[in-house]
Amino acid sequence: MTETVLSIRDLTLALPKGADRAFAVEHVSYDVSEGEILCVVGESGSGKSMAANAVMGLLPKGVHATGGEIWFGGQNLLTLDERAHRSLRGLRIGMIFQEPMTALNPLMRVGAQIAEVFEAHGRHTPKERQARALALLEEVGIPQPERAIRAYPFQLSGGQRQRVMIAMALALEPELLIADEPTTALDVTTQAQILKLIRDLQQRRGMAVMFITHDFGVVAEVATRVCVMREGEIVELGEAREVLDHPRHDYTRALIDAIPNDAVPNRHHAAEAQPLLEVRHLDKVFRSRGGMLKPSREVHALDDISFTLSRGETLGIVGESGSGKSTLGRCVVRLERPDSGQLLLDGVDFTTLKGETLRRGRRRVQMIFQDPYASLNPRTRVGLAIAQGPIANGVPRDQALAKADELLELVGLGGVADRFPHEFSGGQRQRIGIARALALEPELIVADEAVSALDVSIQAQILELLERLQQTFSLSLLFITHDLRVAAQICDRLIVMQHGRIVEHGTAEAIFRTPRAAYTRELLEAIPGRDAVLASA
Amino acid sequence: MLYARLIASRLVKAVIVLFLIIIFNFVLIQLAPGDPAAILAGEAGATDEEFLNQLRERFGLDQPMYVQLWHYVSGIATLDFGFSYRQQMPVLDLILARLPATLLLTGTAFVLSLGLGILAGSLAAARVKKPSGSLIMALALLFYATPLFWVALMAVVLFSVYLEWLPAYGMLTVGAGHTGLALALDVGKHLILPATTLALFFMAIYTRMTRASMIEASQQDYVKTARAKGLSNGVIQRRHILRNALLPIITLAGLQAGQMVGGAILTETVFAWPGIGRLMFEALQQRDYNLLLGIFFFSAALVILFNIVTDLVYRLADPRIKEAP
């Protein structure tokens, strides 16, 4: 008989006045029992993290409970005062967050930050705290724990920082662990390791885990039970296998279907005699600026990269962070200049262009950026933002603005040209980014992680839009992504990169069915929920 | 090791910069209108051409500018800053005699403004939207906006003339002949008004900056992590928020520290404080160019010195900065 650790009953949390909706969550009830992992799944804005914040007593300003109860350890957490609630945090409830990069204090050593958990609850002497911190670092599998304990967060990788976060959350052996999108910001192979770590620790300690995520792949990997949320309400709640294999609600089904799956469309684009883009032996080395007395450091971002891209073809560049894939994209649009090698665009070497010819040449190659929030000037109306490129290239202002209207229509956002970027959602902004790239009538578009910041359902829509536009204008597309499955959906051919080199090159189908390089196999195996999704397909 | 290298390379750069500053100041002062010899002669009551020429020859003023510059620079290399003909003393002696008084005043003001500013700023940050927090910010704005000399005069009127608590001017009671502890107390009493006056402006800036910086830091993810550990509010404020918020303050403190030689002219004049500021003011009025150049040199050197110190402190405070010069 497993014991219920956390019981949320009819919880309603009110949002501040003027928000999108009145309640963050409404009449939400679920339990988390000892030894199970409950996955709370939803897209952004679904309120999936709110209940967890209420459990921790860390609700954002302006959000407050208007009804319901949260039972934990025989007390209703909603009626606790701050002092009593604080004594539970870290001791009986641990929490880990999404962004390992920012979740640790940059000025404190890792060991001191772990030791703080003991200090907060008055456990042990300072010396014992350090010893325990070391033992915890060992337990979460940090390489060289004796060194890591003295390291500052910036000296660790994203995966290592997340391990430190887990060590802190587990320091006092809490009965309940809340993990809020703990692997979203990590590379796919790191994500697989962290998921395994959380599962192992959970089984070893018999904890209850509340795991918040947007990714059904992750759900398939770790969940015992699943709670699907949408706009503050529970849509579906049940055993993981049951929900994944036989989703009862349309929304759940839509979310599961929206995950790009392994059924790779067999697309092949006939190679042409004269490709649009031909990259030959591209090299780029980044050197950290050495001082008078300090040696410089070198990173080989691109190492002998060669490939071709035909008109109307989509080529995917897949790799993890640090693989050089973004540097490659930046070289192709000439934001970055390669050290050596050639980038032939219709036979003309794009790397040697200068001044006016380069300025005119830029029109032909455009870019869609990753972050739809940061890539639009917040004080420029979107119509003008789209028209600025053509205006700079000599198109009369009125004509360019009229064209911007047409383009917005084309990407499904008619009649919004005089609004500002903050009035749009992430997906809508990415559509604006696409319209902006199209405004210059380019022949080649470089999309750098263009859908990575978006929810899965939005992701699917944007991919569809890109594909449609590509066919309409017979564009060539260089699609840079860390996500093999997204790449397989849209790309004719794929290039897999690691440490600045191409490790594998082939059709999407060939790479999925018969990966040759060990690294490609590693990437494929790391995709969360792969087995589960395959089984149900 | 890293620091030794860093300091060495910074010092080399500092010498180059100082050299350029010397040349720049020298040329600039040559461009100023007015002939020092004519003024000297005028004050001596003599106006005939021969006497003027004699004066020029004696002070080397008849030489071409580059020769004068060469003499000056080679003099500084041996710590000879020239001779002040107005005061009939070597420039270095004059400056060294006044330096302690100024450093005492500006140093006290520095510590006072930094300490109280950070304290008031943290209090205000912890009391956002509460009356006490708003009161602190209102006071800070008031001190920030009020001219220094006016604050000084009003302080004299209130504390010296009206309440008779504190002396109105000078550094010690003339003729009292205090020694030891009594002397220190006497100087301390004289120090309160000018130091406070000088400190108010920067204190206001530190208060405002600390508050803004702490509010920003308190919204960072690591603060949420700290709360999730169950740490108390006070510990979070001090260890996580304040420490991160202090980084921009260091830059500003370095700026203020650089002004410790040349930044107290007004205060020293109002309170008749026998420091460098007053010396500079007098030198300016009397066209005592050697003395003026000497003071410029010292204040430039101090600015450069504190730039280096600021960089070092920054490196100690923020482990992420490890790149060499």
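Guide: A nonpolar core is a set of buried Ala, Val, Leu, Ile, Met, Phe, Trp, Tyr and Cys residues joined through C-beta atoms within 7 Å. Buried means that 20 or more other C-beta atoms lie within 10 Å of a residue's own; exposed means 12 or fewer, partly exposed in between, with C-beta atoms placed from the backbone. This is a predicted model: local features need pLDDT of at least 70, and side-chain atom pairs count only at pLDDT 80 or more, while totals for chains, interfaces and linings use all residues. Residues are numbered from 1 along each chain as its sequence is written, with chains lettered from A and ligands numbered from 1 in the order in which they are written.

The largest nonpolar core has 224 residues. Cys39(A) and Val55(A) have the most contacts inside it. Helix α8 of chain B, residues 180-217, gives the most to this core: 14 residues. Helices (H or I, at least four residues) and strands (E, at least two) are DSSP runs, numbered from the N terminus. In soluble globular proteins, nonpolar side chains tend to be buried together.

Take Cys39(A). Leaving out residues up to four places away in sequence, Cys39(A) touches Phe211(A), Thr213(A), Val219(A), Val222(A), Ala223(A), Val226(A) and Cys227(A). Contact means C-beta atoms, placed from the backbone, within 7 Å.

Now the chain around it. Chain A has 20 helices and 20 strands. Of its 537 residues, 47% are buried. Among chain A contacts between residues at least 6 apart in sequence, 70% join residues at least 24 apart.

Next, the contact between chains. Chain A puts in 27 residues and chain B 21 residues. On the chain A side, α2 (82-88) and α3 (110-120) each supply at least two residues.

Last, a sheet in chain A. Six strands form an open, mixed sheet in the order β16-β17-β18-β13-β19-β20. Strands pair if DSSP finds at least two bridges between them. β16 (365-368) and β20 (501-507) of chain A are at the edges with a single partner strand each, so one side of each lacks a neighbour in the sheet. Strands β13 (314-318) and β18 (476-481) of chain A run parallel, joined by five bridges. Val318(A) has Thr481(A) as its bridge partner in β18(A).

How values were computed. Two residues are in contact if their C-beta atoms, placed from the backbone, lie within 7 Å.
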